[in-house]
Amino acid sequence: MGAGGQRRGIHYWWVAFRFSVMLSCVERVSAQIKYSVPEEVKVGSVVGNVAKDLGLDISSLEDRRFRIVSGTEDAQFEVSQNNGVLYVHKNIDREELCESALSCLINLKMVAENPMEIHYVAVEIIDVNDNSPSFQEDEKILEISESTLPGKRFQLPTARDPDVGINTVRVYKLSQNEYFNTQIRERGEDKIPFLVLQKSLDREKDHEHKLILTAVDGGNPPRSGTLNVTVIVLDSNDNHPIFSQEVYSVTIPENVDTETSVITVKATDLDEGANGDVEYFFGGELDPKIYDVFVLDKDTGEIRVKGEIDFEKADVYKLDVHATDKGQPPMSTDCRVIIKVLDENDNKPVIDVTSLSNMVSEDSKPGTVVSLISITDKDAGLNGKVICSLSDNVPFELKPSFQDNMYSLVLKNRLDRESVSHYDIEITATDCGQPPLSTFKTLSIDVSDVNDNNPEFLHNPIELYLRENNVPGNTIFSVTASDKDLNENGALTYHIVREEGSHVKIVAFLNINPDNGQISALKSFDFETLKTFQFHVVASDSGTPSLSSNVTVNVFILDQNDNAPVILYPVSSNGSAEGVEEIPRNVNAGHLVTKVRAYDADIGYNGWLLFSLQEVTDHSLFGLDRYTGQIRTLRSFTETDEAQHKLLILVKDNGNVSLSATATVIVKLVEPKEAFAASDVKSSSKADEDNNVTFYLMITLGSVSALFLISIIVLIAMQCSKSTDYTSKYLQETNYDGTLCHSIQYRSGDKRYMLVGPRMSIGSTIVPGSHANTLVLPDRRRTSEEVRRCFNFN
């Protein structure tokens with residue numbers, strides 16, 4: 001193996017050794033993990049186990065979507081979700097990434113979700129000696145007068161090495177000769193080689209000298225580059241130009257206009273004539289880009305602005321200026337011009353938003369991270385310091401990170417989608433320059449719904465007034481609830497509570513449509529057997545878990561005229577409504593012959609009975625009280641009057657469609673003595689019949705009283721279970737002295753309604769436009785709150 005192969009073997013071994021040592025150096029800096037990796041390392045090489053060093057559960061990395069969300073644009077690194085290892089994804093060229101910066105640091109931002117965690121990892125790219133020093137020119141030609149004294153220095157071109165630190169140029173070596181050697185002078189961070197004349201030149205002996213300048217870096221193994229130096233020996237021009245300063249320094253602001261004068265350098269030559277005329281040139285070893293930015297007047301030494309001066313591209317320029325006289329041979333000298341650029345606030349901040357999701361659940365807790373926000377400003381100092389803020393009146397806030405200009409957008413307050421379902425958050429980034437520059441960015445966030453609202457009924461309780469004899473199976477009523485939630489969280493279903501209680505049998509005949517809340521009755525209700533009942537309807541949403549509300553429905557059955565009057569007296573033995581009355585012929589006018597008694601199970605007008613004579617033998621003899629059913633004589637009987645009279649009495653109620661019954665009373669006129677004797681016989685013969693009538697009357701009155709008491713008890717129970725201010729109730733009319741019938745009162749607000757019977761209270765007035773048979777009575781009780789009452793007259 002040759003010497004070159006041995007050196008390459010040693011070099012690769014040394015790189016591998018340093019790489020293994022650097023990979024083992026892992027430390028936490030400011031809550032941040034820092035790794036070191038050399039450049040040019042093989043793609044796929046492991047940088048470090050981030051998950052292990054951060055203490056993360058490796059098995060959950062894929063579920064938590066552990067990933068890199070920011071870093072280099074070309075994604076030099078990737079992290080594995082399988083084992084948490086950070087590895088090299090693309091070839092790393094430190095000189096391409098960081099150019100000549102001493103420290104090359106790549107900052108990576110890593111995110112793990114559920115819960116949200118943000119970690120910052122810094123990877124330092126370690127320079128390896130992979131670049132050799134090089135000169136911009138292959139050959140440098142120097143013209144030196146033979147009269148030049150020993151010790152004279154001539155600046156040589158500097159070699160450039162993209163590597164940094166110890167890997168950059170350290171020494172310059174000159175090939176062996178008897179006239180010249182090298183001297184290195186440091187100007188700032190740069191090492192400038194000079195060719196130093198050791199021995200006087202003799203043009204007649206050697207008119208030209210061929211030298212080789214070698215630049216060697218400090219790497220291990222070192223790398224080198226060479227430059228051919230040709231020295232042409234000229235005749236005497238014994239004075240060279242001299243600059244007033246060896247180093248000039250000036251400061252200019254960025255964005256100055258072109259043709260602006262930067263500085264003027266001045267060199268003097270003690271010679272006269274052409275040997276003393278000085279011209280100025282930029283050094284040939286300058287970066288070619290310099291010639292696009294500055295221009296040098298060769299006669300005056302004035303440096304002017306030619307192109308754009310941008311602090312963000314370069315904050316300092318180092319120019320080498322040569323001054324050469326016109327002697328033969330010409331003599332020259334050089335100086336360094338350092339131009340520093342002052343930063344101007346000419347760059348607006350740039351807002352970069354990494355949204356984890358544009359949808360936030362309304363049950364999210366305060367502190368939940370919504371987005372990651374990074375702010376960059378290319379300016380420096382205060383011009384690059386940025387203050388970030390949010391628009392007012394939003395339940396979000398910015399939490400600064402330990403790194404400058406890094407923020408997390410987090411939830412500050414609880415959300416309520418029913419109040420606000422969408423937020424447009426304006427992010428404002430303002431730098432601290434003068435004048436300050438600002439950037440705005442709008443972030444749209446939607447609030448997703450959760451099932452947090454119970455269904456609501458507009459009124460509770462609900463009162464339903466339903467006419468009796470409804471058609472079975474038809475809809476009698478519908479309940480409707482609302483839910484502020486969306487979609488399935490707001491989709492409602494209805495059902496009737498079938499709990500144990502006094503009305504469980506009645507509720508069993510009710511059915512409800514679960515989709516629209518329409519309630520139908522499977523049976524026909526009869527006011528005479530059921531006047532009121534209560535049931536509960538529950539509205540439930542389809543959310544998880546489901547929420548529900550219930551409403552109480554109080555049903556009041558309204559009477560219809562479906563019962564015909566029943567004749568209680570007279571009743572014959574065979575059950576027909578027919579009776580015989582005997583009266584003395586000598587009775588006076590106004591004598592009570594008999595009283596027709598009747599009963600109607602309906603109430604109000606439907607149960608208000610009126611009596612009328614349909615047929616009578618002589619209209620001048622008998623009169624009938626239309627309210628009480630009493631039959632009285634209108635005048636005294638004469639000898640010409642017939643001895644027997646037949647009266648057909650019609651009893652009818654006052655319903656919209658009247659129902660009626662008839663009774664026949666036969667009045668026989670007898671002589672007073674016969675009447676007295678007959679009355680004794682009749683009293684004994686009719687004792688049983690009267691007892692039967694009395695028994696029937698007692699049963700009827702007992703039934704009516706029992707029904708009345710039951711209604712009162714039910715209404716009192718309902719009154720106790722809800723507010724008395726707005727409860728409607730039935731009240732038994734006590735001011736009645738006519739035929740057996742009912743009179744019902746009920747209250748609503750500041751009005752008291754009464755379904756009247758055969759007698760009406762004095763001063764009562766009929767309400768215009770009211771339902772038939774309904775009166776409004778003055779009410780001295782305080783006005784109560786209105787309650788929804790639903791009337792259904794099916």
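How many nonpolar, polar and charged residues does the lining of the largest pocket have? In this predicted model, the lining has 16 nonpolar, 7 polar and 20 charged residues.

## The largest pocket

The volume of the largest pocket is about 1,900 Å³. Its lining comprises 43 residues, and those closest to the pocket centre are S100, R160, D190, D287 and K318. Two or more lining residues come from each of α3 (94–98), β11 (169–174), β13 (190–197), α4 (290–293) and β23. Among the contributors, β23 supplies the largest share, with 5 residues.

Strand β20 (residues 278–282) pairs with β23 in the antiparallel sense over 5 bridges. Within this pairing, Y280 has A323 of β23 as its bridge partner. Strand β24 (residues 332–342) also pairs with β23 in the antiparallel sense, here over 9 bridges, and V321 stands opposite C335 of β24. A hairpin of 6 residues connects β23 to β24.

## The second largest pocket

The second largest pocket holds about 860 Å³ of space. It is lined by 40 residues, of which Q155, H322, S332, T333 and D334 are the closest to its centre. The elements that give two or more residues to this lining include β20, β23 and β24, while β9 gives the most, with 6 residues. By class, the lining of the second largest pocket divides into 17 nonpolar, 13 polar and 10 charged residues.

How values were computed: Residues numbered from 1 in each chain as written. Predicted model: local features only at pLDDT ≥ 70, side-chain atom pairs only at ≥ 80, totals over all residues. Heavy atoms only, no water. Pairing = 2+ DSSP bridges. Helix = DSSP H or I, 4+ residues; strand = E, 2+ residues; numbered from the N terminus. 1 Å grid on protein atoms, 1.4 Å probe; cavity = no way out; pocket = protein on both sides within 12 Å on 5 of 7 lines; lining within 4 Å. Points joined across faces, edges and corners; volume = space filled by probe spheres on them. Nonpolar A, V, L, I, M, F, W, Y, C, P; charged D, E, K, R; others polar.
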